[in-house]
Amino acid sequence: MSDKPAIYPVILCGGSGTRLWPVSRPEHPKPFLPLVGETTLFAQTLARVADESMFAGPTIVAGAAHRALIETALRTTRHHLIIEPAARNTAPAIALAAARLPSDAVMLVCPSDHHIADTPAFLGAVRSAAELARQGHLVALGLRPDRPETGYGYIQRGPALDHGYRIARFVEKPDSPTAKRYLESGEYSWNAGIFAFRADILLSELQAYRPLMANAVAQAVAKGREEGAGFHPDAEAFTAITGESIDYAVMENTRAAAMVPVSMGWSDIGNWSAIHDALGVSESGGDARSDSVGNSGNDGNIARGRADFVDCERVLAFSDGPRVSVIGLEDVCIVVSGDEVLVTTRAGAQRVGQLPGASGS
């Protein structure tokens, strides 16, 4: 066993994953789908924090609609499930978990729907983040950027600390010229939405910057109830909260923000273009290409399911049944799920959530 206190994983299961329609749907959203590899993103998240010498059992925060999916995936009793009465973004969800953990617990907040190819690099960064958290810092993992990405928020690195850096500032999603400057400067990292902090310090900072939210969370926990293997916060108190992300509510305000830079093959799997990229670099990438024919093999085409490509480049074909045959296309994603078919350019993949089908219309 490690001589360090355990790290408490907090896994957030929220969002509808509409940009991954038609495979991701409200009743079966992104975390519970095997999009990269043979297991679901949620199962992969659990596996990364399964080492009992390093981690306590996970606290999982989710809505009631997905409780059955979560409990089916869990293979251990070393977990604590918090059922949100309503979705109120990440700050209230994280505060619920903090209020249910020991006050000095070092929390590791992880989204349940991200892909991380390099688990050892992730664990190394977590160890550094936990050390900073024990010293009183609120820590973000910062992903080393490899392109001028406009779809992510950025973190500017400040002065060095033992195990990491202070954060100079958080920056919203930039335009393309600004993203290029960030990349060239070497001072910026992507904000992965993965954080580490002590439970009591997180709640203290939330009280300082969002006292109404902090008080409502405390009331929701005090009036909540245990039911089976899950905890139900008081619905009236919790639904009165105005939802806000942990970035806006705390991280952009606190004077104790720190970061640990890491390169770990990360993707938020935010759209079909991101899935194409993740499949291309994952261990399952070879299998994903195995049904492709008619091309040289170094053309960037990816197949999940049956697919044939002729004179194509950088095409994703993702099918749960029918064969997809593609000729002469570039930078296109084709997705077949049940009775729905999606065809989009890679550039258009961010707008899939705007389609009527994605909203259930």
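This is a predicted model: local features need pLDDT of at least 70, side-chain atom pairs count only at pLDDT 80 or more; totals for chains, interfaces and linings use all residues.
Local features require pLDDT of at least 70 and side-chain atom pairs count only at pLDDT 80 or more, whereas totals for chains, interfaces and linings use all residues. Residues are numbered from 1 along each chain as its sequence is written, and side-chain values use heavy atoms, with hydrogens and water left out.

Helices and strands are DSSP runs numbered from the N terminus (H or I, at least four residues, for helices; E, at least two, for strands). Helix α3 (residues 90-100) packs with helix α6 (residues 199-209) at an angle of about 130 degrees, the axes being 9 Å apart. This makes α3 oblique to α6. Axes are lines fitted to C-alpha atoms, for helices over the stretch in contact, and angles run from 0 to 180 degrees between N-to-C directions; under 35 degrees counts as roughly parallel, over 145 as roughly antiparallel, 65 to 115 as roughly perpendicular and the rest as oblique. The crossing of α3 and α6 is left-handed, a term for a near helix turned anticlockwise from the far one by less than a right angle, with clockwise giving right-handed. In this pair, I94, A95, A98 and A99 of α3 meet A199, L202, L203 and L206 of α6, where contact means heavy atoms within 4.5 Å. By class, the contact of α3 with α6 comprises eight nonpolar, no polar and no charged residues; Ala, Val, Leu, Ile, Met, Phe, Trp, Tyr, Cys and Pro count as nonpolar, Asp, Glu, Lys and Arg as charged, and the others, Gly among them, as polar.

Helix α3 also packs with helix α7 (residues 211-222), at an angle of about 50 degrees and with axes 10 Å apart. The arrangement of α3 and α7 is therefore oblique, and their crossing is right-handed. The contact is formed by A91, P92, A95, L96, A99 and R100 of α3 with M213, V217 and V221 of α7, and its residues divide into eight nonpolar, no polar and one charged. Helices α6 and α7 pack at about 130 degrees with their axes 5 Å apart. L206, Q207, A208 and Y209 of α6 meet P211, M213, A214 and N215 of α7, a contact of six nonpolar, two polar and no charged residues.

A nonpolar core is a set of buried Ala, Val, Leu, Ile, Met, Phe, Trp, Tyr and Cys residues joined through side-chain atoms within 4.5 Å; buried means under 20% relative accessible area, exposed over 50% and partly exposed in between (1.4 Å probe, protein chains only). The largest such core has 46 residues, and I60, I70, L108, F122 and M264 have the most contacts inside it. Helix α4 (residues 119-134) gives the most to this core, with nine residues. Apart from this core lies another, of 42 residues, including A93, A95, M107 and V109.

Several loop residues were also examined. P85, in the loop between β3 (80-84) and α3, is partly exposed at a relative accessible area of 34%. Leaving aside neighbours within four places in sequence, P85 is in contact with P233, D234, A235, F238 and T239. N89, in the loop between β3 and α3, has a positive phi of about 70 degrees although it is not a glycine. The peptide bond from W21 to P22 is cis, with omega near 10 degrees.
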